Structures are given as structure tokens and as C-alpha cells.
Amino acid sequence: MPPEVSAHQPDRCPMDFSFNEEQLMIQDVARRIAQEKIAPTAAHFDQTGEFPSENIRILGENGLMGIEVPSEYGGAGMDPVSYVLAMIEIAEADCAHSTIVSVNNSLFCNGILKFGREDQKQKYVRAIAEGKAVGAFALTEPQSGSDATAMRCRAVKQADGSFVVNGKKSWITSGPVADYIVLFAMTDPDKGAKGITAFMIDTSKPGFHRGKTEPKMGIRASATCEIEFADYVVPAEEVLGKEGEGFKVAMSVLDAGRIGIASQAVGLAKAAYKAALAYVQERKSFGQPIGSFQMIQAKIADMKCRLDAAEILTLRAAWAKQESEKTGGRFSTEAAVAKLTASEAAMFITHAALQIHGGMGYSKEMPLERYFRDAKITEIYEGTSEIQRLVIARNETGLR
């Protein structure tokens, strides 16, 4: 029996590469804030590791913490393409800020909008979209990363319908400052993936504890920590979606999250490429700009090709997500292709840009070394490059 036809076949891709007025408007707002507020402070936050609370508040006030969130829940009410355009601008100024924006938009708000009840949307989505609170997404554990079904965090159902949660989660982006968290815990270990349930967590309640902030190599202004639950009680009404459907929630949300990380990688790669392009035109060696040397020209050409491919594939994924919202289809292949291509392009381009700058690129006096450190994480979170390849190949072949 032939495998199911992939969702990204050519007849699925009549993309329009022009942007409408609203998309250009949100891109302009994001660019203005990124250049006026984020870029001038990026080096400081990278050095100190402080969470950029004021900048995040400004982004929220301008609709950038809930770009796809409908206006009735405090968001900008825009589409997935608008989200990509805004994310690219923010990431070009600083990757860490874009990580915070991505988690709030893609992993937190997106899941609640898709699976939550009306009261959950009003309570949790509005606060995040308006920049009045910070959200987080807790799936990874010390013993389970790519294999989410191996999680040990347990939520035991009580007679009154509530759940008592015990266990740890690790590498939680915005964990040190999050007000609300989408948590995934095992409610029926015997059922494997079908025994996972998603919950809404209020971090101000008893039983929730934060561990130390992780001393990361890059995206240092995006606070990350381990969190622990010790007899934390979750009321029955705080189940997100249905009991036992947590894995479904997580996988759906990660598809959207991968578009966010692809956008982040594109913005970061664009910053490194622009820096390299300017440098090869200004820097002289042997009496001429180094950009006139063929080996440098080859690097520039390769960087440009990878950057354009990453950007176009990311926009295609956003378009596919937009179409899926009308048809109920999936966009997992497009999201995985975009995330894989863009993250590896970011790593390649930042490496090439640093090499072009030579010793100056290695110095903290220039942002190239920060770009290089930040790029690596795009190949790891929201599913490693290896996982993206598995997703793509399995969707294409229909084989597991």
C-alpha cells in the first residue's frame, strides 16, 4: 500500500510572496522596537544574563507577545506570516529576546487557543498577550528530551477530580520568571503517550519550586531553569484539553513552535550576513577590499543562498499553518523543513561571518561571537536537527 501523500506536495503551495498592509505594519512595529530598544541593550543583557523585563513589557504593549492571538483575548489578531516577519526583526536585533517572544506566542498562547476553554483563554492568554505576565512550556525532563513519552513527572487524580503533581522539568525557557506554565505530566503510565495530560500551572501556588538559572552558552537573556513540583494541586478545571490528550497537545504546539525557531534562525542569520557583507566591502588587504577575493566571494554567495532558502521555507511553513487553520490539516512537514533548514543555515552563516572577520570576529567587542553562540541553540530546541530529519522522512515515506 503506498504511503500517504505528504502534505507539502506542490499542489499545496500556491504561495503569494507579496505582503499585505497589516503584515507590513506589524513588521515595521517590530523593526522599530528591535532597533530602538532591543539592539542597544542586547550586549548588556547577554553579559549580565538579566531578564529584559522592560523590553518584554514594551513588546507586549505593542501586540508582539500575542501576534496571532485574537483581539478578544488581548492580542494583535494577525496571521502566521505576520508572526514570522515580526520574529525575524526581533531576532535580528537579539536572539534571546526572540526566544521569549517565541515561547509566549507559539508554545504558550497557541496551545491554549487551540485546546483551551473560553475561561482559560481569558485568564491565561490575555495576560500574556498584553505583556502583563510571562508564560512557559514544560515538557522536557532531566531523563527525557526527544523521547517525551519517557517522562517521570506524575499527576495523580484525586476523588474530587483534582490532580496532585510531583516531579521535575528541565530546560524551561522563561522558567525563572514565568507566571503561568503549560505543564505535561503522566496521568496513566501504562498508556504511554496516551497517558499524558496537559495542565495549566499558576506558579504562585504552593508546591511549585524553581531551580537555579542555567548558565547557558548563548541566548543568555532568555532565563532558563529546572522546575519542581512537590504535591502541587491542580484543580480539575485546569486540565488543558482532555485528560490523556497531552501528547497530542504537545506535538501540535511544537509544530507551531518550530516555525518560531525557524524565524529566529533567519533573523539571526540575517544579522550575521549583513555584518559580513559590510565588513568585506570595508576591510582592505593587499590594497583592495577583501570582498574582491574569490574565496570571500564564495562564502558570501553560499551565505546568501542559504539565507534566502531559509527565509522562503519559513514563510512557506507560516503559509501552510495559515491554510491548516482553514482546512484542519497538518503542517508538520513544512515546519520541520523550515526549522531544519533555517537552524543549519544560521549555524553555517554565523560561522562563515566570524571566519570572515578573523580575529575581530572572535572578540566580544563585536556582536559576531554572540551571534555564533546564539545560533547553536536553534539546532537543539523545539526538536533537534536529528528529530527534524526523522519527522520529515517519516512523513514522506509513511514508515515508522
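Axes here are lines fitted to C-alpha atoms, for helices over the stretch in contact, and the angles run from 0 to 180 degrees between N-to-C directions. The model is predicted. Two packed helices are described by the angle between their axes and the distance between the axes.

**Helix pairs**

| Pair | Angle between axes | Axis distance |
|---|---|---|
| H5 (95–115) and H6 (residues 118–129) | about 165° | 9 Å |
| H8 (residues 294–327) and H9 (residues 332–357) | roughly 155° | within 8 Å |
| H9 and H11 (residues 368–377) | about 155° | 9 Å |

Helices H5 and H6 pack with their axes 9 Å apart, at an angle of about 165°. Angles over 145 degrees count as roughly antiparallel, and H5 and H6 are therefore roughly antiparallel to each other. Their crossing is left-handed. On the H5 side the contact is made by Asn104, Phe108, Cys109, Ile112 and Leu113, and these meet Gln120, Lys121, Tyr124, Val125 and Ile128 of H6. By class, the residues of this contact are seven nonpolar, two polar and one charged.

The axes of H8 and H9 come within 8 Å and cross at roughly 155°, which makes H8 roughly antiparallel to H9. H8 passes H9 in a left-handed crossing. The contact of H8 with H9 has 18 nonpolar residues, together with three polar and five charged ones.

H9 also packs against H11, with an angle of about 155° and axes 9 Å apart. That angle makes H9 roughly antiparallel to H11. The crossing of H9 past H11 is left-handed. From H9, the residues in contact are Ala346, Met347, Thr350, His351, Ala353, Leu354 and His357. They meet Leu368, Glu369, Tyr371, Phe372, Ala375 and Lys376 in H11. The contact of H9 with H11 divides into eight nonpolar, three polar and two charged residues.

**The second largest pocket**

Two of the helices described above, H5 and H8, each supply at least two residues of the lining of the second largest pocket. This pocket has a volume of about 350 Å³. It is lined by 17 residues, of which Glu68, Asn110, Lys114, Lys321 and Glu325 are the closest to its centre. Which helix gives the most to the lining of the second largest pocket? H5 does, with five residues. By class, the lining residues divide into eight nonpolar, five polar and four charged.

How values were computed:
Residues are numbered from 1 along each chain as its sequence is written. This is a predicted model: local features need pLDDT of at least 70, side-chain atom pairs count only at pLDDT 80 or more; totals for chains, interfaces and linings use all residues. Side-chain values use heavy atoms; hydrogens and water are left out. Helices (H or I, at least four residues) and strands (E, at least two) are DSSP runs, numbered from the N terminus. Angles under 35 degrees count as roughly parallel, over 145 as roughly antiparallel, 65 to 115 as roughly perpendicular and the rest as oblique. A crossing is left-handed if the near helix is turned anticlockwise from the far one by less than a right angle, and right-handed if clockwise. Ala, Val, Leu, Ile, Met, Phe, Trp, Tyr, Cys and Pro count as nonpolar, Asp, Glu, Lys and Arg as charged, and the others, Gly among them, as polar. On a 1 Å grid over the protein atoms alone, a cavity is a set of points where a 1.4 Å probe fits but cannot get out, and a pocket is an open set with protein on both sides within 12 Å along at least five of seven lines; lining residues have an atom within 4 Å of a point. Grid points are joined across faces, edges and corners, and a volume is the space filled by probe spheres set on the points. Contact means heavy atoms within 4.5 Å.
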